[in-house]
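Please look at the sequence and the model first, then read on.

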Amino acid sequence: YAPSSVISQKAQILTGSIGGLCVDGNALYVGMNGKINVYDISIPMSPVLTSTVSLYGNARQITAYNGKLFVTARDTGVWVYDLTKPLQPSFLTRYDTVELATGIDAAGNCMFIGQRQNGVEFVDISTPSDPRHIRIIETDESQSVFYKDGYLYSGEWSSGMITIFDAKDLNNIKKLKTIHLQGYGDGLWISGNRLYASTGHHHRNETPKTQDGDGHGMEIWDISDPENPSFISRVEFDIFYKSGIDYWLPRPSGDGKTVFCGDVFNGLYVVDASDERNPKIIEHWQPTSNTADNKKVA
């Protein structure tokens with residue numbers, strides 16, 4: 001299989017321990033070391049730092065919604081910033097979660113927070129400066145959350161699952177379904193009626209473990225009927241295991257033909273999903289300690 005050249009240029013912004021990333025319009029929000037750096041990416045390959053805002057803790061995940069920026073910072077909860085000036089956010093409030101705030105998404109007047117063993121918390125943000133608890137529903141170990149058309153999806157870490165909620169009526173939220181992944185669950189993304197789920201650490205559920213770190217990969221699921229999702233395919237990434245922080249995120253292109261999969265230690269995998277029942281890795285960009293010597297592996 002002849003790989004195409006997808007990554008032709010790289011623009012380095014920061015080095016170090018970078019947490020959450022979020023792109024909203026021409027603004028890029030990057031969390032690291034107790035702050036959010038804001039970049040103007042009107043010219044994507046020439047980003048310009050426009051401002052920096054502080055938070056206690058380190059950003060884990062970031063999402064922009066309805067003129068607000070929501071940032072999870074694990075043990076210091078959720079931080080909310082006003083985006084009246086998108087390139088110069090201003091602090092609005094902090095919401096104190098019961099457990100480690102990890103996953104984040106928002107829709108309507110609700111904020112959804114993945115809190116590991118506590119599950120998913122649903123929070124009323126009809127007044128964004130004064131978030132109010134609605135309820136929390138226990139799941140196995142929520143790491144990432146994604147809302148789409150009245151349904152909420154939660155990536156569950158050690159059990160290697162995705163939990164699906166019916167969240168159309170916030171007064172009657174229902175846990176509908178769990179689906180089994182073939183590795184530890186974490187990042188997920190939805191485009192149209194396709195769910196892209198990244199996995200890592202070890203094989204899980206009905207897939208036998210062969211060795212530590214054999215569960216890295218990306219799965220595609222059909223969620224045309226969210227109450228009855230069906231598995232389409234999976235692509236396996238390199239075997240790697242290191243205890244501690246290690247998480248994974250997929251981002252499909254607009255047409256769904258290419259999926260970019262971030263893996264903390266393994267780097268960035270580019271997957272050709274034009275034949276979604278037979279996805280293939282076409283590029284692998286792997287950062288090294290020497291940023292001038294980053295490797296691109298076909």
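The model is predicted.

**Aromatic rings**

A pair of aromatic rings is described by the distance of the centres and the angle of the planes. Searching the whole structure gives twelve aromatic pairs. One of them joins Phe122 and Phe165, in an edge-to-face arrangement. Phe122 belongs to strand S11 (residues 120-124) and Phe165 to strand S15 (residues 161-166), so this pair ties together parts that are 43 residues apart in sequence. Phe122 and Phe165 are both buried.

Another pair is formed by Phe237 and Tyr269; the planes of these rings stand at 0°, so the pair is stacked. Phe237 is found in the loop between strand S20 (230-236) and strand S21 (248-252), while Tyr269 is part of strand S23 (residues 267-272). Phe237 and Tyr269 are buried.

| Ring pair | Centre to centre | Angle between planes | Arrangement |
|---|---|---|---|
| Phe122 and Phe165 | 5.7 Å | 80° | edge-to-face |
| Phe237 and Tyr269 | 4.1 Å | 0° | stacked |

Ring pairs also connect Tyr56, Trp79, Tyr81 and Phe91 into a cluster. Trp79, a member of this cluster, has the charged end of Arg94 over its ring, 5.9 Å from the ring centre. The ring of Tyr247 has the charged end of Arg60 sitting over it, at 3.7 Å from the centre.

**A buried alanine**

Ala73 is located in the loop between strand S6 (68-72) and strand S7 (78-82). Is Ala73 buried or exposed? Its relative accessibility is 1%, so Ala73 counts as buried. Leaving aside residues up to four places away in sequence, Ala73 touches Leu55, Tyr56, Asn58, Arg60, Trp79 and Ala101. Among these, Tyr56 and Trp79 are also members of the ring cluster, and Arg60 is the residue whose charged end sits over Tyr247. Ala73 and Gly103 are 30 residues apart along the chain, and their C-alpha atoms are separated by 9.6 Å.

Strands of a sheet pair through backbone hydrogen bonds, either parallel or antiparallel. Here, four strands make an open sheet in the order S1-S2-S3-S4, and the pairing is antiparallel. Which strands stand at the edges? They are strand S1 (18-24) and strand S4 (48-54); each has a single partner strand, so one side of each is left without a neighbour in the sheet. On average, and with direction ignored, neighbouring strands of this sheet are turned by 20° against each other. S1 and strand S2 (residues 27-32) run antiparallel and are joined by five bridges. Across from Ala27 in S2 stands Asp24.

**Cysteines**

A disulfide is a covalent bond between the sulfur atoms of two cysteines. How many disulfides does the structure hold? The count is zero. For Cys22, the closest cysteine sulfur is that of Cys110, and the separation is 18 Å, so the two are too far apart for a bond. Cys22 has 9% relative accessibility and therefore counts as buried. Cys261 takes part in no disulfide either, and the nearest cysteine sulfur to it, in Cys22, is 18 Å away. Cys261 has a relative accessibility of 1%, so Cys261 counts as buried.

How values were computed: Residues are numbered from 1 along each chain as its sequence is written. This is a predicted model: local features need pLDDT of at least 70, side-chain atom pairs count only at pLDDT 80 or more; totals for chains, interfaces and linings use all residues. Side-chain values use heavy atoms; hydrogens and water are left out. Rings of Phe, Tyr and Trp (its six-membered ring) pair if their centres lie within 6.5 Å; planes under 30 degrees apart count as stacked, over 60 as edge-to-face and the rest as tilted. Helices (H or I, at least four residues) and strands (E, at least two) are DSSP runs, numbered from the N terminus. Buried means under 20% relative accessible area, exposed over 50%, partly exposed in between (1.4 Å probe, protein chains only). A charge sits over a ring if NZ of Lys or CZ of Arg is within 6 Å of the ring centre and within 35 degrees of the ring normal. Two strands pair if DSSP finds at least two bridges between them. Axes are lines fitted to C-alpha atoms, for helices over the stretch in contact, and angles run from 0 to 180 degrees between N-to-C directions. Contact means heavy atoms within 4.5 Å. A disulfide is a pair of cysteine sulfur atoms within 2.5 Å.
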